[in-house]
Amino acid sequence: MYDVVIVGNGPAGISCALTARRRNLKTAILSNSIKSNLLWKTDQIDNYPGMPMVSGVEMLETFEKQALDMSVEIKTGLVRQIIKNEDIFMLLQGDDIIESKAVVLCLGIAKPKYFDGESELIGNGISYCATCDAMFYKGKNIAVISENEDGVEEANFLNNVVGSIDYFSIKKHDLKEIGNN
């Protein structure tokens with residue numbers, strides 16, 4: 001029986017687990033392999049405090065090592081079901097049932113796939129965060145694909161960094177005005 005189980009092994013999940021261990025709680029992280037984390041495909045991260053110019057692989061491996069060093073148990077596999085049974089939670093991971101007094105979901109981001117081959121290009125030309133990745137595209141011609149008005153704001157930010165932008169709206173939304181270089 002765990003005091004807390006965290007579902008997810010990204011920065012939020014690891015941070016939660018470390019905090020729980022500092023409070024002397026028996027803690028486990030349940031997640032797929034760290035290789036399935038979107039950060040795993042990221043070649044370079046330069047905006048994470050204390051870890052400049054690190055790859056996603058290095059970051060995730062550092063996070064996992066720190067968690068293991070603090071006696072966080074890490075169990076790999078898809079969590080298929082969470083059931084509350086009176087005052088405990090039961091989580092089904094593979095064929096195992098894990099019991100915990102509390103569950104924290106740190107599921108990260110889920111991105112819809114807009115075109116064939118997109119998954120293979122993450123970290124090789126496809127990015128999801130203008131603030132995080134703009135400098136990788138400095139002076140280049142790029143496309144922004146968005147399904148809501150937030151994309152316009154991101155495109156305007158990118159407009160100050162990149163060479164030129166083609167903007168594509170997946171769903172109809174107010175395009176406002178995207179500045180030109």
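Hi everyone, let me start with a pair of side chains: K75 and E73 meet in a salt bridge, with N and O 4.0 Å apart. By salt bridge I mean a side-chain nitrogen of Lys or Arg within 4 Å of a carboxyl oxygen of Asp or Glu. K75 is partly exposed, at a relative accessible area of 28%, and E73 is also in the partly exposed class, at 33%. For those classes, buried is under 20% relative accessible area, exposed is over 50%, and partly exposed is in between, using a 1.4 Å probe and protein chains only.

Before going on, a word on what we are looking at. This is a predicted model, in which local features need pLDDT of at least 70 and side-chain atom pairs count only at pLDDT 80 or more, while totals for chains, interfaces and linings use all residues. Residues are numbered from 1 along each chain as its sequence is written, and side-chain values use heavy atoms, with hydrogens and water left out.

How confident is the predictor? pLDDT is its confidence in each residue, from 0 to 100. The protein chain has a mean of 87, and 93% of its residues reach 70 or more. Helices here are DSSP runs of H or I with at least four residues, strands are runs of E with at least two, and both are numbered from the N terminus.

How many does the structure hold? There are three. One of them joins K101 to D3, and their closest N and O atoms are 3.2 Å apart. K101 sits in strand β6, residues 96–105, and D3 in strand β1, so this pair ties together parts that are 98 residues apart in sequence.

Another links D69 and K65, at 2.6 Å from N to O. These two are four residues apart in helix α2, so about one helical turn separates them. D69 counts as exposed at 54% relative accessibility, and K65 does too, at 52%. Both are carried on the face of α2 turned away from its buried side.

So what is on that buried side? In α2, the buried residues are G56, M59, L60, F63 and A67. They cover an arc of only 90 degrees around the axis, which puts them on the same side of α2. That arc is taken from the directions from the helix axis to the C-beta atoms. What covers these buried residues includes α1 and β3, residues 73–76. Contact, in what follows, means heavy atoms within 4.5 Å.

A quick check on the geometry of α2: at 1.5 Å a residue, its 14 residues should span 20 Å, and its end C-alpha atoms are 20 Å apart, which agrees. The expected span is 1.5 Å times one less than the number of residues.

Now to the interior. A nonpolar core is a set of buried Ala, Val, Leu, Ile, Met, Phe, Trp, Tyr and Cys residues joined through side-chain atoms within 4.5 Å. The largest such core has 18 residues, and those with the most contacts inside it are I6, I14, I29, M59 and F63. The elements giving two or more residues to this core are β1, α1 (11–22) and α2 (56–69). A second, separate core has twelve residues, including Y137, V144, A155 and V161.

Looking at I14 itself, and leaving aside neighbours within four places in sequence, its contacts are N9, I29, F63, E64 and A67.

Next, the loop between β2 (27–31) and α2, where we find W40. Not counting residues up to four places away in sequence, W40 touches I34, K35, G56, V57, L60 and E61. S55 lies in that loop between β2 and α2 as well. Is S55 buried or exposed? S55 counts as buried, at 16% relative accessibility. With the nearby sequence positions up to four places away left out, S55 touches T42, D43, Q44 and I45.

Last, two backbone details. N24, in the loop between α1 and β2, has a phi near 65 degrees, a positive value in a residue other than glycine. N24 counts as exposed, at 61% relative accessibility. S71, in the loop between α2 and β3, also has a positive phi near 65 degrees. S71 counts as partly exposed, at 48%. Thanks, and happy to take questions!

Conventions: pLDDT = per-residue confidence, 0-100.
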